[in-house]
Amino acid sequence: MSEVDDSMSEVEEQEELQRKKEENGSGLDYILSLESVPSKLPPRLEELKTRVFCKSDAPVHTDTIQYSGAYAALRVDNSLRLDNFCQNFKIELIRLTDDDMEFDMIGIDPALANAFRRILISEVPTMAIERVYIANNTSVIQDEVLSHRLGLIPIRADPRLFEYPDTTGTDKNEKNTIVFKLHVRCEVGQPRITVKTRELEWLPHGSELHSEDNNRDASSKPRTFTSFNCSQDSLPEFPKSPIGIKDSDIIIAKLGPGQEIELEAHAVKGIGKTHAKWSPVATAWYRMLPEVVLLEEVKDELAEELKNKCPVGVFDIEDIGKGKRRATVARPRACTLCRECIRGGKEWEDRVSLRRVKDHFIFTIESTGALPPEELFTEAVKILEDKCERVIMELS
Amino acid sequence: MEHVSYSDQSKSTFSLADEDHTLANAVRFTLNQDPRVTFSGYSIPHPSENRVNIRVQTTGDPAREVLKDACQDLMLTCQHVRSTLDKAVSDFKLNNTGKDMDTK
Ligand code: SF4
């Protein structure tokens with residue numbers, strides 16, 4: 001009898017536990033609320049988890065510990081839940097101009113920061129010149145080289161207002177093509193001229209060149225290379241500022257007396273993965289926040305030596321009274337990790353520790369001009385969201 | 001596309017076309033943060049084929065659901081990043097126009 005009683009109480013206990021669990025939301029919340037579960041790693045492990053240590057020969061502890069159960073043996077939960085992330089994630093803007101931006105992104109894993117960077121470089125769309133119809137080119141620069149140069153010119157046009165061209169490239173309308181015209185001539189007897197991007201003229205009505213079409217009847221309008229239904233500058237969705245070239249003084253070619261270039265360039269929407277000309281950024285890069293730690297007090301002559309070692313002036317010297325001086329780390333952010341300060345023997349490596357904070361990114365975006373940098377970043381994040389959505393759709 | 005055995009749905013390989021490290025690495029990270037996941041990793045079988053294989057093994061839940069949850073989490077994370085940036089930018093602009101006015 002007594003045995004039966006025992007098992008009964010066990011079942012009750014479990015029910016009790018279950019009830020408690022439900023009260024506390026999910027099981028994980030319940031476990032975390034228990035007092036015996038430590039929520040912090042020992043300091044040394046925390047250091048190894050959050051810092052890269054840059055030694056004189058190589059950086060160590062470079063990996064990020066992603067697995068949720070990595071510290072299960074210590075009963076520390078390494079999973080990251082969304083509410084935790086939202087609490088800790090921070091963005092601090094350092095610099096923002098029309099075409100570049102620097103900000104600190106704190107509390108995010110490199111996997112995500114890198115995804116944003118990769119998308120910025122190769123998957124955010126822009127408009128770039130894709131087809132060039134050359135009517136005349138007597139300059140010294142060959143047609144294909146000229147076309148390539150034209151392709152790389154940044155165009156100021158919001159790519160979100162355009163559609164991708166159809167794969168055959170035959171249907172070119174006001175929704176997917178921007179047409180530019182370039183016609184320059186250097187008269188005989190004139191000095192040589194430099195053709196710059198300001199000579200490129202936007203044609204909102206579409207192409208003006210007549211395509212060779214033998215079986216059209218004489219009465220109809222001559223066919224051109226595009227079929228615009230209306231003028232682009234009359235479309236309401238295009239902003240007040242006209243479509244144009246971002247920089248007006250990029251050199252396209254040089255013409256000698258008697259030489260001439262006449263062409264039409266058609267820009268379409270694309271992504272940097274296809275060709276770098278569609279990349280919306282000049283560069284998008286990040287570095288981890290440097291952290292310089294003095295492991296022991298560096299005093300007097302040594303402090304002077306340390307200060308002089310660093311080419312970017314990370315260290316400063318402060319007076320601590322009685323004619324004594326001590327080195328301090330004044331500008332760690334400027335550290336380029338040249339490792340000059342830990343050269344000169346083991347004793348220096350024991351004095352100075354160079355580290356990087358693994359989840360603090362100093363992110364820099366330089367836009368080529370189609371969109372302001374902050375919008376580029378937003379677009380990049382949206383693209384990652386779209387990718388996730390695609391996967392969810394596929395799996396449902 | 002999913003490769004999974006009928007008898008055990010907790011282990012499975014997902015083959016995603018037209019994706020690369022960008023998504024796969026980010027998803028692997030979110031998967032790894034999920035306590036239900038015992039193993040996750042990805043590989044690109046051939047560099048000239050636009051495809052990644054993501055392997056997910058769980059403690060019991062269907063791998064497909066766990067992957068879906070990870071994607072959902074990643075989306076919410078992205079949304080939070082986006083709103084944080086928007087806020088930082090508008091704050092920055094506000095502060096800086098203030099400064100400009102001071103100097104004038
Ligand atoms: S690594 Fe180079 S830049 Fe950084 S603190 Fe040392 S000497 Fe200065």
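**Chains A and B, and the ligand**

Modeller: In this predicted model, chain A and chain B bury about 4000 Å² between them, with 68% of that on carbon and sulfur atoms.

Colleague: Which residues of chain A lose the most area to chain B?

Modeller: They are Gln66(A), Glu385(A) and Leu395(A), which together make up 16% of what that side buries. As for contacts, 43 residues of chain A touch 42 residues of chain B.

Colleague: Why is the pair Arg118(A) and Asp20(B) called a salt bridge?

Modeller: The closest N and O atoms of Arg118(A) and Asp20(B) are 3.2 Å apart. The cut-off is 4 Å between a side-chain nitrogen of Lys or Arg and a carboxyl oxygen of Asp or Glu, so the pair qualifies. The count between the two chains is five salt bridges, and the rule for polar contacts finds 11 residue pairs across this interface, both partners at pLDDT 80 or more.

Colleague: Turning to the ligand, where does it sit?

Modeller: The ligand sits in the largest cavity. There are 13 residues around the ligand, and those that come nearest are Cys310(A), Cys335(A), Cys338(A), Arg339(A) and Cys341(A).

Colleague: What makes up the shell around the ligand, by class?

Modeller: The shell has 10 nonpolar residues, one polar and two charged. Cys counts as nonpolar and Arg as charged, so among the nearest residues Cys310(A) falls in the nonpolar class and Arg339(A) in the charged one.

Conventions. Residues are numbered from 1 along each chain as its sequence is written. Chains are lettered from A and ligands numbered from 1 in the order in which they are written. This is a predicted model: local features need pLDDT of at least 70, side-chain atom pairs count only at pLDDT 80 or more; totals for chains, interfaces and linings use all residues. Side-chain values use heavy atoms; hydrogens and water are left out. A residue is near a molecule or strand if one of its heavy atoms lies within 4 Å of it. On a 1 Å grid over the protein atoms alone, a cavity is a set of points where a 1.4 Å probe fits but cannot get out, and a pocket is an open set with protein on both sides within 12 Å along at least five of seven lines; lining residues have an atom within 4 Å of a point. A molecule sits in a cavity or pocket if more than half of its atoms lie within 2 Å of its grid points. Contact means heavy atoms within 4.5 Å. Buried area is the accessible area (1.4 Å probe) that two parts lose on being put together, summed over both. A polar contact is a pair of N or O atoms within 3.5 Å; within protein, one must be able to donate a hydrogen and the other to accept it, and residues adjacent in sequence count only if both atoms are side-chain atoms.
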